[in-house]
Amino acid sequence: MKFITPATDAWHAALGEDGPQPHPAPAAHRLLTLEQWHAVRDTWPAGLPTGVSLVNTVDIETLVPDLPRLALVALHFPKWVDGRAYTQARLLRSRYRFAGEVRATGDVLVDMLPLLARTGFDAVQMRADQSRDAAERALGFFAGHYQGDVQQPAPAFGRDVAAELAQRQADQAAQCAGQGI
């Protein structure tokens with residue numbers, strides 16, 4: 001999981017004095033609203049790294065024809081109890097095979113990290129009062145899951161769980177090798 005902070009984020013919204021610019025000028029790493037993207041997509045240069053920010057009330061299917069042109073889809077959680085963005089992320093990854101970055105923004109808490117990872121998010125911009133250290137620990141809470149998810153679609157009874165756990169332990173041991181841990 002990639003942790004994003006506003007100070008180090010390479011993606012920038014196209015904002016004017018009164019909010020989002022109606023027709024932003026093309027630029028690399030531009031994060032556009034869906035309305036901005038629809039206004040400029042026909043004239044937007046191909047190959048330019050572009051992202052779209054979606055509110056969780058938008059039907060993800062409206063973005064499907066444009067997915068090959070996008071490098072980032074930022075999904076917004078207006079409240080931590082509103083989980084519609086989880087479904088949007090799962091659809092992007094599972095049904096539409098979106099290979100770009102899927103980022104969680106808004107009211108994102110540490111407790112949400114394991115489910116964010118399981119539903120297809122690979123980047124997160126957490127709420128300002130949340131700890132990155134606690135978030136990294138939260139990602140390691142569970143060794144595995146019985147149900148399938150975006151990362152491992154088969155349920156536990158349909159795969160070799162013992163081999164997966166052995167591989168995970170070997171990977172962890174390799175990370176610590178030579179570090180005196």
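Colleague: Is threonine 119 buried or exposed, and what is its relative accessible area?

Modeller: This is a predicted model, in which local features need pLDDT of at least 70, side-chain atom pairs count only at pLDDT 80 or more, and totals for chains, interfaces and linings use all residues. Threonine 119 sits in helix 3 (DSSP runs numbered from the N terminus: helices are H or I with at least four residues, strands are E with at least two). Threonine 119 is buried (under 20% relative accessible area, with exposed over 50% and partly exposed in between, for a 1.4 Å probe and protein chains only), and its relative accessible area is 9%.

Colleague: Which residue's backbone oxygen does the side chain of threonine 119 reach?

Modeller: Beyond its neighbours within four places in sequence, threonine 119 is in contact with Tyr86, Ala89, Arg90, Arg93 and Val150 (contact means heavy atoms within 4.5 Å). At 3.2 Å, its side chain reaches the backbone oxygen of leucine 116.

Colleague: With which side chain does threonine 50 make a polar contact?

Modeller: Threonine 50 belongs to strand 6, residues 50-54, and counts as buried at 0% relative accessibility. Leaving aside neighbours within four places in sequence, the contacts of threonine 50 include Trp11, Trp37 and Trp44. A polar contact is a pair of N or O atoms within 3.5 Å; within protein, one must be able to donate a hydrogen and the other to accept it, and residues adjacent in sequence count only if both atoms are side-chain atoms. At 2.7 Å, the partner is the side chain of tryptophan 44.

Colleague: How do tryptophan 37 and tryptophan 44 pair, and what is the angle between the planes?

Modeller: Across the whole structure there are three aromatic pairs (rings of Phe, Tyr and Trp, the last by its six-membered ring, with centres within 6.5 Å; planes under 30 degrees apart are stacked, over 60 edge-to-face, the rest tilted). Tryptophan 37 and tryptophan 44 form an edge-to-face pair at 6.4 Å centre to centre, with an angle between the planes of 70°. Tryptophan 37 is buried at 0%, and tryptophan 44 is buried at a relative accessible area of 5%.

Colleague: Which residues form one aromatic cluster?

Modeller: Phenylalanine 77 and phenylalanine 121 make a tilted pair, 5.9 Å centre to centre and 45° between the planes. That pair links distant parts of the chain, 44 residues apart: phenylalanine 77 is in strand 7, and phenylalanine 121 is in the loop between helix 3 and strand 9. The cluster is formed by Phe77, Tyr86 and Phe121.

Colleague: With which residue does arginine 93 form a salt bridge?

Modeller: The whole structure holds ten salt bridges (a side-chain nitrogen of Lys or Arg within 4 Å of a carboxyl oxygen of Asp or Glu). Arginine 93 counts as buried at 14% relative accessibility. The closest N and O atoms are 3.2 Å apart, and the partner is aspartate 122. The pair links helix 2 to the loop between helix 3 and strand 9, where 29 residues separate arginine 93 from aspartate 122.

Colleague: Which residues do salt bridges that share partners join into one network?

Modeller: Arginine 103 and glutamate 101 meet in a salt bridge at 2.9 Å, N to O, and both are buried. Through shared partners, the network joins Lys2, Asp9, Glu101 and Arg103.

Terms used
Residues are numbered from 1 along each chain as its sequence is written. Side-chain values use heavy atoms; hydrogens and water are left out.
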